[in-house]
Amino acid sequence: MKANRVHNFSAGPAALPLSVLEEIQESFLNFNNSGMSITEVSHRSKWFDDVINDAIERTKRLLKLDDNFEVLFIQGGASMQFCMIPMNFLHGNKTADYVDTGTWSTKAIKEARIQGKTVHVASSSEDKNYSYIPKDIEFTDNAVYAHITSNNTIKGTQWSNFPDTGNVPIVCDMSSDIMSRSFDPSPFGFIFAGAQKNIGPSGVCMAIIRKDMLDLVPEELPTMLKYTTFASKKSMFNTPPCFAIYTIQLVLKWLEESIGGLEKMEILNQEKARHLYDFMDSGDFYKATTEKDSRSLMNVTFRLHDEALEKHFVEEAIENDLNGLKGHSSVGGCRASIYNATTMDSVKALTDYMKHFESKNG
Ligand code: PMP
């Protein structure tokens, strides 16, 4: 580990690849021989145009998106999408299906209902405290879309396979697992992800829209709340979050050129998660809070057999350069977020610490 850097298990903002941070540092005062920082160049300049174009092209290549999809960058975080999605797509007496897998999908449902939209909760895992991903869901045939949260950052669950929604386009919150694995994009009408977990800093949400979904957007919406504005102006109707988009571009370059694409990234993510879950399953001191077939490869949520030890566990971890292991305040317990940029070395440092802590307190 480099001097002064810790093992970062934060849920977001989260670890970024060290090489990306170094590249930012290196070019910070003089971006691409412009004599200016990326935070100083005009968003209408060729310098920034190259950045955003490259970020879009890399996104398309990595996710295998054909020309039916547009890649957009929108401010307001993933939370803004909870409100924009029904505002843009759901009208009149039409219905949208939502699968409620905990905090973030619950919030998405709430934001649609605030607007008086018709939301059908097709399934929910609330009965077991959101510790699993529902199966055999009956989606509404003529729903405008079916909303799911691919990875549940707080509850620690993840869809290992996406559900069959028939002809209904999937709208998916991929905030905490975008670019962590490969998948077939064809059933998706809209994908969105707050950048601050797997692809960059906070301040921007990546949105991927299938072009036919743009036909649903009403003309009369405010300009900045319409996906058509972002699509027709390459996300630059107004000043975009240039620095955040630049960092995303570098992270995507790292994914393509250093990691070798999403299939490779997925294998690394599986190995890291397996190492951690296998260790926890091998004893009874630590206990994963999720059902085995629903476990997230990104956010590993767990409790200690003696919950009174958890505070001590998290504090002593910080003393050992292991940061961000406290569970979300709404659920308590512990959580290790092991996104793309968290290395196997960090995960091994964590299990070493866990063994040590168990031997002292077990
Ligand atoms: N969805 C998911 C799955 C998340 O994990 C988060 C943030 N933790 C959000 C939505 C909200 O994102 P933001 O803070 O960018 O609004």
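Where is the place of N33? N33 sits in the loop between α1 and α2 (46-63). The model that shows this is predicted. The protein chain is assigned two parts, domain 1 (21-259) and domain 2 (261-361).

**The ligand and its shell**

- T153 places a polar side-chain atom 2.4 Å from an oxygen atom of the ligand.
- A78 takes part through its backbone: one of its polar backbone atoms is 3.0 Å from a ligand oxygen atom.
- W104 uses its side chain, where an N or O atom is 3.4 Å from an oxygen atom of the ligand.
- On its own, the ligand has 400 Å² of accessible area, and the protein covers 85% of that.

- The centres of domain 1 and domain 2, taken over C-alpha atoms, are 27 Å apart.
- Domain 1 brings 29 residues to the contact, and domain 2 brings 27 residues.
- Between them, the two domains bury an area of about 2200 Å².
- Carbon and sulfur atoms give 51% of that buried area.
- On the side of domain 1, I154, Q158 and I259 lose the most area to domain 2.
- Together, these three residues make up 23% of what the domain 1 side buries.

**Backbone points to look at**

- Most peptide bonds are trans, and most residues other than glycine have a negative phi.
- The peptide bond from G12 to P13 is cis, and its omega is near -5°.
- P13 lies in the loop between β1 (7-8) and α1 (18-27).
- N33 is not a glycine, yet its phi is positive, near 60°.
- To find N33 in the model, look in the loop that runs between α1 and α2.

Notes. Residues are numbered from 1 along each chain as its sequence is written. This is a predicted model: local features need pLDDT of at least 70, side-chain atom pairs count only at pLDDT 80 or more; totals for chains, interfaces and linings use all residues. Side-chain values use heavy atoms; hydrogens and water are left out. A polar contact is a pair of N or O atoms within 3.5 Å; within protein, one must be able to donate a hydrogen and the other to accept it, and residues adjacent in sequence count only if both atoms are side-chain atoms. Accessible areas come from the Shrake-Rupley method with a 1.4 Å probe; for residues, only the protein chains shown count as cover. Domain bounds come from an automatic or database domain assignment. Contact means heavy atoms within 4.5 Å. Buried area is the accessible area (1.4 Å probe) that two parts lose on being put together, summed over both. Helices (H or I, at least four residues) and strands (E, at least two) are DSSP runs, numbered from the N terminus.
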